[in-house]
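Here is a short note for a colleague opening this entry for the first time. Please keep the sequence and the model in view while reading.

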Amino acid sequence: MDESRRSFLEKAGKSALGLGWGLPLLNTACSEPGDHGHHIPLRSENQWAMVIDVEKCKNEEVRRACIDACNVTHNVPNIPDPDDEIAWIWEEDYKHVFPEQVHDHTPASVGDIPILVLCNHCTNPPCVRVCPTQATWKRETDGLVMMDMHRCIGCRYCMAACPYGSRSFNWRDPRPYIAPDSEGNLPSDYPSRTKGVVEKCNFCAERIREGLLPACVEAANSVEGGEGALTFGDLTDPNSEVSRLLHDNHTISRRVGLGTGPNVYYII
Amino acid sequence: MSDKGKIIGGLVVFLVLVTFPLWHPVAAGGDSAMPELEYPDDETECIEETEFMRANHMDMLNDWRDALVRDGITEYTSTSGQQYTMSLTGTCMDCHDDRDAFCTRCHDYSNVDPYCWDCHVEPRGN
């Protein structure tokens with residue numbers, strides 16, 4: 001063997017150095033994106049999801065019923081100034097909801113279709129990742145992106161992070177803008193919010209807890225011709241209605257290329 | 001030369017000022033007695049010992065909130081083993097149905113100003 005003791009030690013040292021540098025780099029490259037920052041489960045045990053039938057939602061009555069039901073159920077204020085507006089579910093034009101689906105020759109009859117939009121309760125929610133107080137988080141049991149108003153400090157990072165504009169900030173006390181019921185009370189027992197917190201759709205977590213469907217889904221079903229306009233269910237259950245609809249129809253969801261994994265789907 | 005008089009005089013003034021918070025309410029005829037709370041008629045005990053509740057109800061409400069909203073746990077098991085639904089407006093105010101005669105009276109006395117009701121909605125009929 002003509003390997004000298006000196007050259008052997010030199011090679012051994014270089015290999016050790018190489019391993020020391022290389023392994024951590026390899027680790028970083030192969031790890032999942034969720035490993036950065038605080039832990040976000042990329043998959044929850046269950047995942048509530050919604051399928052929206054665009055055709056049935058062309059009926060204005062259906063859309064109005066959904067939006068009104070949500071506003072009443074959650075004491076959502078109606079603030080006329082669009083800068084201060086609060087919205088959990090609202091409508092936008094097709095061309096703005098699905099900007100990557102339209103092109104120069106898309107007819108106005110398609111681009112202007114009104115689409116109901118709401119929080120997508122993403123599988124990999126960017127709002128959760130940026131929240132400095134964990135006031136918003138992805139619930140591991142059912143995949144809801146939840147909000148804790150007690151903990152929100154109103155920094156609005158989540159609003160900057162959300163690619164869907166699903167979050168609204170309370171620039172003022174919302175109570176004076178909540179339309180009272182016929183007896184002059186707040187329309188719902190659901191807590192109103194306060195100045196300085198961010199809010200958004202919670203997929204009616206308080207109703208799901210009691211085995212009820214979200215208010216918008218129930219409202220759509222109660223309108224003639226709106227039955228099944230909105231379908232809600234568990235995506236992890238292959239026999240659920242949402243799984244069946246996703247299997248049988250051509251569906252799209254918003255800005256999938258961003259990797260947020262939206263859980264609101266649209267039947268086109 | 002003696003400053004005895006000045007020193008004693010100064011001490012008296014000092015003591016009077018330092019003890020001001022103690023004697024002033026009495027002298028002013030203020031009511032410093034514990035507030036009289038109205039307890040529910042048809043219940044004899046709260047979900048935990050009264051002493052515990054008096055000292056810890058605020059922490060318990062925070063724990064309830066976290067358990068319910070974050071972990072989806074709806075039931076609270078008390079020390080005596082009984083199950084309660086974790087809800088301020090549902091469970092607590094089901095018995096303590098007069099906020100002014102219970103919550104507010106004690107909060108005023110202890111000079112705390114919780115902002116629960118800025119957002120939470122008091123159950124109807126109270």
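Predicted model: local features only at pLDDT ≥ 70, side-chain atom pairs only at ≥ 80, totals over all residues.

**Notes on the fold**

1. Start with the division of the chain.

2. Four strands of chain A form an open sheet in the order β8-β1-β10-β9. Its pairing is mixed. At the edges are β8 (230-234) and β9 (251-252) of chain A, each of which pairs on one side only.

3. Follow one strand pair. Strand β1 (residues 48-53) of chain A runs antiparallel to β8(A), and five bridges join the two. Opposite Val51(A) is Thr231(A), in β8(A).

4. Helix α9 (residues 241-248) of chain A lies across β1, β8, β9 and β10 (264-267) of chain A. Helix α9 runs at about 115° to β8(A).

5. Turn to the core. The largest nonpolar core has 59 residues. Those touching the most other members are Cys66(A), Cys70(A), Ile89(A), Cys216(A), Ala220(A) and Leu230(A). Helix α2 (residues 60-73) of chain A gives this core its largest share, six residues.

6. Which residues does Leu230(A) contact, leaving aside neighbours within four places in sequence? They are Met50(A), Ile52(A), Cys66(A), Cys216(A), Val217(A) and Ala220(A).

Terms used:
Residues numbered from 1 in each chain as written. Chains lettered and ligands numbered in written order. Pairing = 2+ DSSP bridges. Contact = placed C-beta atoms within 7 Å. Axes fitted to C-alpha atoms, helices over the stretch in contact; angles between N-to-C directions. Core = buried A, V, L, I, M, F, W, Y, C linked by C-beta atoms within 7 Å. Buried ≥ 20, exposed ≤ 12 C-beta atoms within 10 Å, placed from the backbone.
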